[in-house]
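Please read each point against the coordinates.

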Amino acid sequence: MIATSNKSVSDNCGGGDSTKCIELEHREEVIETTAINSGGLHRRLNNRHIQLTAIGGTIGTGLFVSIGGALARGGPGNLLLCFLAYSCVVSLINNSAAEMVTHMPISGGFIRLAGQWVDDALGFAIGWNFFFYEALLIPFEIVALNVVTSYWVLDIVRPGPLVGFCLGVIICYGLLNIVAVSVFGEAEFWLSGGKVILMFILFAFTFITMVGGNPKNDAYGFRYWKDPGPFVAQAASAEALGQFEGFLSVLVVAVFIIVGPDYISMIAAEAKHPSFYVKTAFKTVYLRFGIFFIGSALAVGVVLPWNNPELRRIFINGEGSSTAAASPYVIAMTNMGITVLPHIVNALLFTSIFSAGNTYTYCSVRCLYGLAVQGHAPAFLKRCTKKGIPIYCFLVTMLFPFLSFLSVNSGSANALNILLSLIAGGGLVNYIVISITFLRYYNACKVQGVNRKNLPYYGYFQPYGAWVSLVLEFLVAIGYGYSAFTPWSVQAFFANYTMQLVAPILYIFWKVVKKPKLKKSTEVDLVWERPAINIYESQAMIEDPPITFWKEMGKITGINRAVRYLCGSSDRS
């Protein structure tokens with residue numbers, strides 16, 4: 001929008017600086033709307049909302065429940081190796097996404113960037129891929145939430161109560177996402193905070209019990225790394241090949257669990273002070289990988305052996321549709337004779353999974369809205385309420401949670417496994433496109449003489465990091481669904497490769513219908529909406545200056561006031 005008017009504005013200004021002219025032209029409108037960006041969304045998310053969403057918004061079922069299946073199939077050694085390796089790969093992707101999104105924090109995030117900086121057909125394909133990826137995660141979390149609730153109410157997994165439960169969760173997600181953006185941010189802030197607390201409780205449980213602080217006074221340490229051992233070999237293969245297959249089976253779970261940069265890019269358009277707050281959020285991703293993902297992989301391998309009968313009954317034999325003890329932590333607590341803590345952990349686990357589903361609902365709505373803004377979805381979807389909610393996008397998205405009703409016939413365990421495979425494939429496609437987009441953006445900066453070090457975020461090790469992540473993600477996308485071929489399974493094939501097949505089909509379809517051209521490096525618009533963002537940030541810097549996460553936390557908890565009071569009392573004395 002801004003890019004297309006650059007020439008005419010420059011002409012009207014007598015050949016002067018077009019960026020300055022654009023700023024003068026839009027200043028009155030931007031000051032009037034203040035926190036409303038060019039897409040109609042409101043910038044109302046504070047620093048604490050964004051940071052906690054970045055840290056905890058994507059921590060859900062996978063890290064507390066599905067990780068147990070990875071342990072059972074690959075052992076603690078493969079679990080740690082996979083999580084460590086894939087965290088490094090996604091860190092490279094985060095490095096690429098951070099630079100692009102902080103420079104251009106727009107609605108639709110990396111989806112619109114792909115369409116504007118690479119190829120409109122690529123934006124169309126990845127936009128719909130990400131929408132389905134996010135929308136499928138909503139029923140996944142609802143089914144998992146039902147399983148967790150069965151820890152207290154066993155009959156909740158029966159058809160009648162299950163339908164009522166799913167419907168109740170859908171209504172809650174709807175209410176939280178139909179209200180103002182600030183209400184969503186507030187709810188997600190506290191729910192994500194609960195997840196962070198839960199993670200540290202589980203880490204403390206692991207350390208205390210492994211050194212002997214358990215009812216059995218058993219200092220088991222790293223016993224399970226020795227017996228039954230760190231690696232699991234698939235029974236039908238030779239030992240070396242079987243251990244590699246075990247590694248690949250864990251990789252599927254790692255691909256599903258370890259996420260982050262794509263979610264931050266989706267909330268950037270509604271963040272206050274995006275150049276500051278969003279930049280900080282991207283930096284916390286590295287911390288989350290190191291502490292939560294890699295730490296969890298280590299902790300789970302310590303507290304439970306991979307050959308635990310209950311673990312294998314649930315994840316290998318598929319008999320986990322009627323128990324919430326699928327969490328390896330809860331199984332370990334039960335084995336040690338701990339009675340109260342499992343209930344506390346399960347309660348926090350409930351809020352954690354609920355929070356993840358709430359985040360996925362939000363991202364699905366914003367993704368569909370971004371598609372509509374780009375012309376990749378019907379125009380009526382662009383309509384927003386006075387509170388900045390894309391109302392029709394919201395209504396379309398809320399159809400997907402009803403897929404959770406499929407677990408009534410197929411069973412929760414089977415439904416979760418199919419959804420997990422579909423979602424993992426979609427995530428791989430997302431990261432491949434982010435890497436491709438960055439490489440095009442990097443080359444455009446080089447050709448157009450843009451100094452990337454002057455941008456809000458500068459990604460180091462580029463473009464090598466983007467190339468490495470692109471190649472590795474492509475190899476994983478091809479090979480991670482090997483189990484569909486040994487033996488051949490139609491259901492497993494489409495569960496593992498549907499998203500990888502749909503994305504190129506969508507790309508070819510848009511190429512044939514609209515015939516868009518691949519953007520040349522000289523044609524890539526690196527200015528685009530940045531002038532309007534600069535005006536907003538300049539105005540917001542005066543009216544509502546940015547503050548750090550801890551200062552904002554001190555403000556809402558009253559700590560700042562107490563400190564000022566104590567300091568004042570000390571001065572008076």
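1. Contact here means heavy atoms within 4.5 Å. Leaving aside neighbours within four places in sequence, Ser327 is in contact with Phe64, Val65 and Leu349. The backbone oxygen of Phe64 lies 3.0 Å from a polar atom of the Ser327 side chain. A polar contact is a pair of N or O atoms within 3.5 Å; within protein, one must be able to donate a hydrogen and the other to accept it, and residues adjacent in sequence count only if both atoms are side-chain atoms.

2. On provenance: this is a predicted model, in which local features need pLDDT of at least 70 and side-chain atom pairs count only at pLDDT 80 or more, while totals for chains, interfaces and linings use all residues. Residues are numbered from 1 along each chain as its sequence is written, and side-chain values use heavy atoms, with hydrogens and water left out.

3. Overall content. The chain has 23 helices and zero strands; these are DSSP runs numbered from the N terminus, helices being H or I of at least four residues and strands E of at least two. Of the 573 residues in the chain, 58% are buried, where buried means under 20% relative accessible area, exposed over 50%, and partly exposed in between (1.4 Å probe, protein chains only). Among contacts between residues at least 6 apart in sequence, 82% join residues at least 24 apart. The accessible surface of the chain comes to about 23,100 Å², and 66% of that belongs to carbon and sulfur atoms; the areas come from the Shrake-Rupley method with a 1.4 Å probe, and for residues only the protein chains shown count as cover.

4. Nonpolar core. In soluble globular proteins, nonpolar side chains tend to be buried together. The largest core in this model has 166 residues, and those with the most contacts inside it are Leu63, Leu79, Phe83, Tyr86, Trp117, Ile257 and Ile258. A nonpolar core is a set of buried Ala, Val, Leu, Ile, Met, Phe, Trp, Tyr and Cys residues joined through side-chain atoms within 4.5 Å. Not counting residues up to four places away in sequence, Ile257 touches Gly62, Leu63, Ile67, Phe83 and Phe293.

5. Where does Trp117 lie? Trp117 is in helix α5 (residues 110–117), a helix with seven of its eight residues buried. Trp117 itself has a relative accessibility of 0%. Beyond its neighbours within four places in sequence, its contacts include Met100, His103, Tyr441, Lys519 and Trp528. Trp117 and Lys519 are 402 residues apart in sequence, yet their C-alpha atoms are 6.5 Å apart. A polar atom of the Trp117 side chain lies 2.9 Å from the backbone oxygen of Asp525.

6. Aromatic pairs. Rings of Phe, Tyr and Trp (its six-membered ring) pair if their centres lie within 6.5 Å; planes under 30 degrees apart count as stacked, over 60 as edge-to-face and the rest as tilted. By this rule the count comes to 31 aromatic pairs. Phe289 and Phe293 form a tilted pair, 5.6 Å centre to centre with 35° between the planes. They are separated by about one helical turn because they are four residues apart in helix α12 (residues 274–303). Phe289 is buried at 2% relative accessible area, and Phe293 is buried at 0%. The pair of Phe485 and Phe493 is edge-to-face, with centres 6.0 Å apart and planes at 80°; Phe485 is partly exposed at 44%, whereas Phe493 is buried at 18%. Ring pairs also link Trp117, Phe438, Tyr441, Tyr442 and Trp528 into a cluster.

7. Backbone geometry to check. Most residues other than glycine have a negative phi, and most peptide bonds are trans. A cis peptide bond joins Asp227 and Pro228, with omega about 20°; Pro228 lies in the loop between α9 (223–226) and α10 (239–257). The bond from Gln462 to Pro463 is also cis, with omega near 5°. Phe461 has a positive phi near 60°, sits in the loop between α18 and α19, and is exposed at 67% relative accessibility. Lys515 has a positive phi of about 55°; this residue lies in the loop between α20 (490–514) and α21 (530–543) and is exposed at 61%.

8. Cysteines. The structure holds zero disulfides, a disulfide being a pair of cysteine sulfur atoms within 2.5 Å. Cys88 is partly exposed at 45% relative accessible area, whereas Cys445 is buried at 2%.
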